[in-house]
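Morning, everyone. I'll walk you through one model today, starting with the sheet and ending at the ligand. Please have the structure open.

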Amino acid sequence: MKAKYVALVTGGTGFTGSRLIEKLVADDWSVHAIVRPNSDLALLEKNIKQIKLHVHDGSTSDLVKIVADAKPDVVFHLAALVLAQHAPKDVEALLQSNLVFSTQLAEAMVENGVGNMVNTGTFWQHYENREYAPTCLYAATKQAFEAVLQYYVDVKSLTVITLKLFDSYGSDDPRQKLFTMLRNAGKATQPLLMSPGEQLIDLVHIDDVVEAFVVAARHLLGGGVNGHQCYAVSSGNPLPLKEVVRTYEKVTGVKLPIQWGGRPYREREVMLPWNQGTLLPDWRPRISLIEGIKTIIK
Ligand SMILES: NC(=O)c1ccc[n+]([C@@H]2O[C@H](COP(=O)([O-])OP(=O)(O)OC[C@H]3O[C@@H](n4cnc5c(N)ncnc54)[C@H](OP(=O)(O)O)[C@@H]3O)[C@@H](O)[C@H]2O)c1
(Lines give C-alpha, C1' and ligand atoms only; values in the text may rest on other atoms or scores of the structure.)
Protein backbone atom coordinates (compact mmCIF):
# COMPACT_ATOMS: atom_id res chain seq x y z
CA MET A 1 0.00 0.00 0.00
CA LYS A 2 1.18 3.50 -0.80
CA ALA A 3 2.52 5.29 2.30
CA LYS A 4 1.42 8.79 1.41
CA TYR A 5 -0.32 10.56 -1.37
CA VAL A 6 1.65 13.26 -3.11
CA ALA A 7 0.10 16.68 -3.74
CA LEU A 8 1.35 19.41 -6.02
CA VAL A 9 -0.23 22.74 -5.07
CA THR A 10 -0.30 25.99 -7.03
CA GLY A 11 -1.32 29.21 -5.30
CA GLY A 12 0.15 27.89 -2.05
CA THR A 13 1.35 31.34 -0.99
CA GLY A 14 -2.22 32.66 -1.14
CA PHE A 15 -4.92 32.60 1.50
CA THR A 16 -6.73 29.43 0.36
CA GLY A 17 -3.65 27.58 -0.89
CA SER A 18 -1.68 28.09 2.32
CA ARG A 19 -4.58 26.74 4.38
CA LEU A 20 -4.93 23.79 2.04
CA ILE A 21 -1.23 23.02 2.44
CA GLU A 22 -1.60 23.18 6.23
CA LYS A 23 -4.44 20.64 6.03
CA LEU A 24 -2.62 18.32 3.60
CA VAL A 25 0.49 18.30 5.80
CA ALA A 26 -1.68 17.57 8.85
CA ASP A 27 -3.35 14.72 6.92
CA ASP A 28 0.09 13.27 6.14
CA TRP A 29 0.26 14.07 2.44
CA SER A 30 3.64 14.66 0.90
CA VAL A 31 3.30 18.22 -0.38
CA HIS A 32 5.05 20.04 -3.23
CA ALA A 33 4.24 23.68 -3.97
CA ILE A 34 4.97 25.82 -7.01
CA VAL A 35 5.99 29.40 -6.29
CA ARG A 36 7.36 32.27 -8.33
CA PRO A 37 10.81 33.88 -7.88
CA ASN A 38 9.21 36.88 -6.15
CA SER A 39 6.46 35.08 -4.22
CA ASP A 40 5.92 36.24 -0.65
CA LEU A 41 6.24 33.07 1.44
CA ALA A 42 4.84 34.58 4.65
CA LEU A 43 1.63 32.50 4.72
CA LEU A 44 3.64 29.32 4.12
CA GLU A 45 6.02 29.97 7.02
CA LYS A 46 4.27 27.54 9.37
CA ASN A 47 4.71 24.57 7.03
CA ILE A 48 7.73 25.55 5.00
CA LYS A 49 9.96 22.84 6.46
CA GLN A 50 7.46 20.06 5.75
CA ILE A 51 6.94 20.81 2.06
CA LYS A 52 9.07 20.94 -1.05
CA LEU A 53 9.05 24.29 -2.86
CA HIS A 54 9.61 24.55 -6.60
CA VAL A 55 10.43 27.98 -7.99
CA HIS A 56 8.92 28.16 -11.47
CA ASP A 57 10.81 30.25 -14.03
CA GLY A 58 7.67 30.83 -16.10
CA SER A 59 8.41 28.40 -18.92
CA THR A 60 6.47 25.28 -19.89
CA SER A 61 9.64 23.20 -19.95
CA ASP A 62 10.41 24.13 -16.34
CA LEU A 63 6.89 23.17 -15.29
CA VAL A 64 7.30 19.82 -17.05
CA LYS A 65 10.43 19.23 -14.94
CA ILE A 66 8.67 20.29 -11.73
CA VAL A 67 5.78 17.90 -12.32
CA ALA A 68 8.26 15.12 -13.21
CA ASP A 69 10.10 15.73 -9.94
CA ALA A 70 6.96 15.86 -7.79
CA LYS A 71 5.13 12.93 -9.47
CA PRO A 72 1.90 14.01 -7.79
CA ASP A 73 -1.15 11.83 -7.30
CA VAL A 74 -3.24 15.01 -7.38
CA VAL A 75 -2.53 18.53 -8.61
CA PHE A 76 -4.43 21.18 -6.66
CA HIS A 77 -4.58 24.21 -8.94
CA LEU A 78 -5.46 27.32 -6.95
CA ALA A 79 -3.09 29.92 -8.42
CA ALA A 80 -4.88 32.87 -9.94
CA LEU A 81 -4.77 36.59 -10.28
CA VAL A 82 -8.05 37.60 -8.63
CA LEU A 83 -9.33 41.00 -9.71
CA ALA A 84 -12.96 42.04 -9.28
CA GLN A 85 -12.36 44.96 -11.61
CA HIS A 86 -9.49 45.44 -14.01
CA ALA A 87 -7.75 48.25 -15.84
CA PRO A 88 -6.10 47.98 -19.28
CA LYS A 89 -2.72 47.47 -17.62
CA ASP A 90 -4.00 44.23 -15.97
CA VAL A 91 -4.92 42.34 -19.14
CA GLU A 92 -1.59 40.58 -19.71
CA ALA A 93 -1.16 39.59 -16.06
CA LEU A 94 -4.70 38.19 -15.88
CA LEU A 95 -4.16 36.06 -18.96
CA GLN A 96 -0.66 35.04 -17.86
CA SER A 97 -1.77 33.72 -14.45
CA ASN A 98 -5.21 32.40 -15.21
CA LEU A 99 -4.77 31.04 -18.71
CA VAL A 100 -1.11 30.69 -19.76
CA PHE A 101 0.24 29.32 -16.47
CA SER A 102 -2.83 27.10 -16.07
CA THR A 103 -2.43 25.66 -19.57
CA GLN A 104 1.29 25.10 -19.01
CA LEU A 105 0.33 23.13 -15.90
CA ALA A 106 -2.15 20.91 -17.75
CA GLU A 107 0.43 20.32 -20.49
CA ALA A 108 3.10 19.42 -17.91
CA MET A 109 0.69 16.98 -16.26
CA VAL A 110 -0.10 15.04 -19.45
CA GLU A 111 3.56 15.11 -20.46
CA ASN A 112 4.32 13.26 -17.21
CA GLY A 113 1.30 10.96 -17.20
CA VAL A 114 -0.20 12.76 -14.19
CA GLY A 115 -3.98 12.51 -14.46
CA ASN A 116 -5.78 14.12 -11.50
CA MET A 117 -6.44 17.83 -11.11
CA VAL A 118 -8.60 19.76 -8.69
CA ASN A 119 -9.15 23.08 -10.44
CA THR A 120 -10.61 26.25 -8.91
CA GLY A 121 -13.45 28.23 -10.45
CA THR A 122 -15.63 31.02 -9.19
CA PHE A 123 -19.36 31.73 -8.87
CA TRP A 124 -18.52 34.94 -10.76
CA GLN A 125 -18.64 32.83 -13.95
CA HIS A 126 -22.43 32.73 -13.50
CA TYR A 127 -23.82 36.27 -13.27
CA GLU A 128 -27.62 36.25 -12.89
CA ASN A 129 -27.53 32.48 -12.51
CA ARG A 130 -26.67 32.01 -16.16
CA GLU A 131 -24.82 28.97 -17.52
CA TYR A 132 -21.98 31.29 -18.46
CA ALA A 133 -22.00 35.04 -17.85
CA PRO A 134 -18.79 36.48 -16.40
CA THR A 135 -19.14 39.30 -13.90
CA CYS A 136 -15.64 40.50 -14.76
CA LEU A 137 -12.64 39.72 -16.96
CA TYR A 138 -11.10 37.58 -14.20
CA ALA A 139 -14.17 35.31 -14.30
CA ALA A 140 -13.91 35.16 -18.10
CA THR A 141 -10.32 33.92 -17.81
CA LYS A 142 -11.46 31.18 -15.42
CA GLN A 143 -14.04 30.10 -17.99
CA ALA A 144 -11.42 30.23 -20.74
CA PHE A 145 -9.22 27.80 -18.83
CA GLU A 146 -12.16 25.43 -18.39
CA ALA A 147 -12.58 25.50 -22.17
CA VAL A 148 -8.88 24.69 -22.56
CA LEU A 149 -9.20 21.89 -20.03
CA GLN A 150 -11.84 20.26 -22.21
CA TYR A 151 -9.10 19.53 -24.75
CA TYR A 152 -6.87 17.90 -22.13
CA VAL A 153 -9.81 15.92 -20.78
CA ASP A 154 -11.14 14.73 -24.15
CA VAL A 155 -7.86 14.12 -25.94
CA LYS A 156 -5.31 13.53 -23.18
CA SER A 157 -7.48 11.79 -20.57
CA LEU A 158 -6.96 14.31 -17.80
CA THR A 159 -9.51 13.89 -15.00
CA VAL A 160 -10.63 17.15 -13.40
CA ILE A 161 -12.92 18.38 -10.68
CA THR A 162 -13.46 22.13 -10.79
CA LEU A 163 -14.63 23.55 -7.49
CA LYS A 164 -16.62 26.72 -7.91
CA LEU A 165 -15.85 28.81 -4.84
CA PHE A 166 -17.96 31.59 -3.35
CA ASP A 167 -16.79 34.15 -0.79
CA SER A 168 -14.39 32.58 1.68
CA TYR A 169 -13.27 34.03 5.00
CA GLY A 170 -11.22 33.02 8.01
CA SER A 171 -8.62 34.14 10.52
CA ASP A 172 -5.44 35.93 9.39
CA ASP A 173 -6.86 36.72 5.97
CA PRO A 174 -4.46 39.18 4.31
CA ARG A 175 -6.90 39.95 1.48
CA GLN A 176 -8.94 43.14 1.50
CA LYS A 177 -12.20 41.28 1.96
CA LEU A 178 -15.36 42.11 3.89
CA PHE A 179 -14.30 41.13 7.41
CA THR A 180 -10.93 42.90 7.09
CA MET A 181 -12.84 46.05 6.16
CA LEU A 182 -15.24 45.61 9.07
CA ARG A 183 -12.42 45.08 11.53
CA ASN A 184 -10.70 48.25 10.30
CA ALA A 185 -14.02 50.13 10.40
CA GLY A 186 -14.34 49.23 14.09
CA LYS A 187 -11.12 51.13 14.79
CA ALA A 188 -11.75 54.05 12.42
CA THR A 189 -13.20 57.44 13.20
CA GLN A 190 -14.53 58.03 9.68
CA PRO A 191 -17.66 56.16 8.54
CA LEU A 192 -17.18 53.23 6.18
CA LEU A 193 -19.00 53.94 2.93
CA MET A 194 -20.80 50.86 1.70
CA SER A 195 -23.31 50.04 -1.02
CA PRO A 196 -27.02 49.88 -0.05
CA GLY A 197 -26.21 46.34 1.19
CA GLU A 198 -29.14 44.37 -0.21
CA GLN A 199 -26.94 41.95 -2.21
CA LEU A 200 -26.82 38.35 -1.00
CA ILE A 201 -23.45 36.96 0.01
CA ASP A 202 -22.60 33.26 0.10
CA LEU A 203 -19.91 32.99 2.77
CA VAL A 204 -18.01 29.75 3.36
CA HIS A 205 -15.44 29.43 6.13
CA ILE A 206 -11.92 28.66 4.92
CA ASP A 207 -11.79 25.36 6.86
CA ASP A 208 -14.87 24.17 4.97
CA VAL A 209 -13.39 25.36 1.65
CA VAL A 210 -10.18 23.46 2.31
CA GLU A 211 -12.14 20.36 3.26
CA ALA A 212 -13.87 20.55 -0.15
CA PHE A 213 -10.48 20.30 -1.90
CA VAL A 214 -9.58 17.22 0.12
CA VAL A 215 -12.96 15.60 -0.59
CA ALA A 216 -12.54 16.35 -4.31
CA ALA A 217 -9.10 14.73 -4.25
CA ARG A 218 -10.59 11.68 -2.59
CA HIS A 219 -13.15 11.41 -5.40
CA LEU A 220 -10.38 11.58 -8.00
CA LEU A 221 -8.20 9.04 -6.21
CA GLY A 222 -11.18 6.73 -5.81
CA GLY A 223 -11.36 6.48 -9.59
CA GLY A 224 -15.05 7.34 -9.82
CA VAL A 225 -14.61 10.59 -11.72
CA ASN A 226 -14.93 10.73 -15.48
CA GLY A 227 -13.79 13.67 -17.58
CA HIS A 228 -14.41 17.10 -16.08
CA GLN A 229 -16.91 17.58 -13.27
CA CYS A 230 -17.85 20.94 -11.75
CA TYR A 231 -19.21 21.37 -8.26
CA ALA A 232 -20.29 24.27 -6.09
CA VAL A 233 -18.69 24.89 -2.71
CA SER A 234 -21.59 26.92 -1.35
CA SER A 235 -22.97 27.62 2.12
CA GLY A 236 -26.43 27.02 0.68
CA ASN A 237 -27.54 29.98 2.77
CA PRO A 238 -26.62 33.31 1.18
CA LEU A 239 -27.46 36.31 3.34
CA PRO A 240 -27.96 40.01 2.59
CA LEU A 241 -24.76 41.98 3.21
CA LYS A 242 -26.59 44.05 5.83
CA GLU A 243 -27.48 40.93 7.77
CA VAL A 244 -23.90 39.67 7.64
CA VAL A 245 -22.74 42.98 9.10
CA ARG A 246 -25.46 42.86 11.79
CA THR A 247 -24.29 39.35 12.71
CA TYR A 248 -20.68 40.58 12.89
CA GLU A 249 -21.74 43.45 15.17
CA LYS A 250 -23.68 41.05 17.39
CA VAL A 251 -20.79 38.60 17.76
CA THR A 252 -18.16 41.31 18.35
CA GLY A 253 -20.40 43.58 20.41
CA VAL A 254 -19.16 46.55 18.36
CA LYS A 255 -21.51 48.91 16.50
CA LEU A 256 -19.76 49.83 13.26
CA PRO A 257 -19.84 53.34 11.73
CA ILE A 258 -21.23 52.26 8.35
CA GLN A 259 -22.88 54.61 5.90
CA TRP A 260 -25.17 52.34 3.88
CA GLY A 261 -25.62 53.64 0.36
CA GLY A 262 -22.49 55.79 0.76
CA ARG A 263 -21.20 54.24 -2.45
CA PRO A 264 -23.14 52.74 -5.37
CA TYR A 265 -23.27 49.05 -6.19
CA ARG A 266 -20.31 48.12 -8.38
CA GLU A 267 -20.79 47.46 -12.08
CA ARG A 268 -22.36 43.99 -12.36
CA GLU A 269 -22.72 43.65 -8.59
CA VAL A 270 -23.88 40.10 -7.90
CA MET A 271 -27.21 40.60 -6.12
CA LEU A 272 -28.04 36.87 -6.10
CA PRO A 273 -25.09 34.48 -6.09
CA TRP A 274 -25.25 31.50 -8.45
CA ASN A 275 -27.45 28.80 -6.95
CA GLN A 276 -27.71 26.38 -9.86
CA GLY A 277 -24.56 24.38 -9.14
CA THR A 278 -24.46 20.85 -7.78
CA LEU A 279 -22.93 20.74 -4.33
CA LEU A 280 -19.73 18.69 -4.14
CA PRO A 281 -20.80 15.13 -3.18
CA ASP A 282 -19.86 14.05 0.37
CA TRP A 283 -19.21 17.64 1.41
CA ARG A 284 -21.28 20.01 3.50
CA PRO A 285 -20.20 23.26 5.16
CA ARG A 286 -19.97 22.69 8.89
CA ILE A 287 -19.03 26.09 10.29
CA SER A 288 -21.93 28.50 10.84
CA LEU A 289 -21.43 32.21 10.23
CA ILE A 290 -21.53 32.93 13.97
CA GLU A 291 -18.92 30.26 14.72
CA GLY A 292 -16.86 31.42 11.75
CA ILE A 293 -16.86 35.05 12.89
CA LYS A 294 -15.71 33.90 16.33
CA THR A 295 -12.65 32.31 14.71
CA ILE A 296 -11.62 35.57 13.07
CA ILE A 297 -11.98 37.87 16.05
CA LYS A 298 -9.92 35.71 18.44
N1 LIG B 1 -11.20 33.38 -1.94
C2 LIG B 1 -12.38 33.51 -2.52
O3 LIG B 1 -13.28 34.04 -1.91
C4 LIG B 1 -12.52 32.92 -3.91
C5 LIG B 1 -13.76 32.95 -4.52
C6 LIG B 1 -13.87 32.36 -5.77
C7 LIG B 1 -12.77 31.73 -6.35
N8 LIG B 1 -11.55 31.77 -5.73
C9 LIG B 1 -10.39 31.11 -6.35
O10 LIG B 1 -9.67 30.41 -5.33
C11 LIG B 1 -8.28 30.41 -5.63
C12 LIG B 1 -7.49 30.95 -4.44
O13 LIG B 1 -7.94 32.26 -4.17
P14 LIG B 1 -7.28 33.13 -3.00
O15 LIG B 1 -8.28 34.18 -2.65
O16 LIG B 1 -6.73 32.24 -1.95
O17 LIG B 1 -6.08 33.81 -3.81
P18 LIG B 1 -4.85 34.72 -3.33
O19 LIG B 1 -4.76 34.75 -1.83
O20 LIG B 1 -4.97 36.00 -4.08
O21 LIG B 1 -3.59 33.90 -3.89
C22 LIG B 1 -3.34 33.78 -5.24
C23 LIG B 1 -2.20 32.78 -5.42
O24 LIG B 1 -2.00 32.55 -6.82
C25 LIG B 1 -0.61 32.62 -7.09
N26 LIG B 1 -0.36 33.02 -8.48
C27 LIG B 1 -0.95 34.03 -9.17
N28 LIG B 1 -0.46 34.09 -10.42
C29 LIG B 1 0.45 33.08 -10.52
C30 LIG B 1 1.29 32.63 -11.56
N31 LIG B 1 1.31 33.21 -12.76
N32 LIG B 1 2.12 31.59 -11.31
C33 LIG B 1 2.14 30.99 -10.10
N34 LIG B 1 1.36 31.37 -9.06
C35 LIG B 1 0.53 32.40 -9.28
C36 LIG B 1 -0.10 33.65 -6.09
O37 LIG B 1 1.29 33.50 -5.99
P38 LIG B 1 2.33 34.72 -5.66
O39 LIG B 1 2.61 34.60 -4.18
O40 LIG B 1 3.50 34.43 -6.50
O41 LIG B 1 1.64 36.00 -6.03
C42 LIG B 1 -0.87 33.23 -4.85
O43 LIG B 1 -0.24 32.11 -4.26
C44 LIG B 1 -8.11 31.24 -6.90
O45 LIG B 1 -8.06 30.36 -8.00
C46 LIG B 1 -9.38 32.07 -6.96
O47 LIG B 1 -9.71 32.40 -8.28
C48 LIG B 1 -11.41 32.35 -4.53
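**The sheet**

Seven strands make up an open sheet, ordered β3-β2-β1-β4-β5-β6-β11, and the pairing is parallel. Strands here are DSSP E runs of at least two residues, helices are H or I runs of at least four, and both are numbered from the N terminus. Two strands count as paired if DSSP finds at least two bridges between them.

Before I go on, two notes on the source. This is a predicted model: local features need pLDDT of at least 70, side-chain atom pairs count only at pLDDT 80 or more, and totals for chains, interfaces and linings use all residues. Residue numbers start from 1 along each chain, as its sequence is written.

Angles are taken between N-to-C directions and run from 0 to 180 degrees; axes are lines fitted to C-alpha atoms, for helices over the stretch in contact.

Look at β1 (residues 6–10) and β2 (residues 30–35). They run parallel, joined by five bridges. V9 has A33 in β2 as its bridge partner.

**Helices**

Helix α2 (residues 60–70) packs on the sheet and touches β1, β2 and β3. Its direction makes about 150° with that of β1. α3 also packs on the sheet, touching β1, β4 (74–77) and β5, and makes about 180° with the direction of β4. Contact means C-beta atoms, placed from the backbone, within 7 Å.

Now α1 and α6 (residues 206–221). Their axes come within 9 Å and cross at roughly 65°. T16, R19, L20 and K23 of α1 meet I206, V209, V210, F213 and V214 of α6. That contact has six nonpolar, one polar and two charged residues. For the classes, Ala, Val, Leu, Ile, Met, Phe, Trp, Tyr, Cys and Pro are nonpolar, Asp, Glu, Lys and Arg are charged, and the others, Gly among them, are polar.

**Domains**

The protein chain divides into domain 1 (6–168 + 203–233) and domain 2 (170–202 + 237–271 + 286–297). The bounds come from an automatic or database domain assignment. The C-alpha centres lie 27 Å apart. The contact takes 16 residues from domain 1 and 14 residues from domain 2.

**The ligand**

Which residues come nearest to the ligand? Of the 26 around it, they are G14, T16, S39, A80 and S97. Near means a C-beta atom, placed from the backbone, within 6 Å. The shell has nine nonpolar, 13 polar and four charged residues.

Notes
Two residues are in contact if their C-beta atoms, placed from the backbone, lie within 7 Å.
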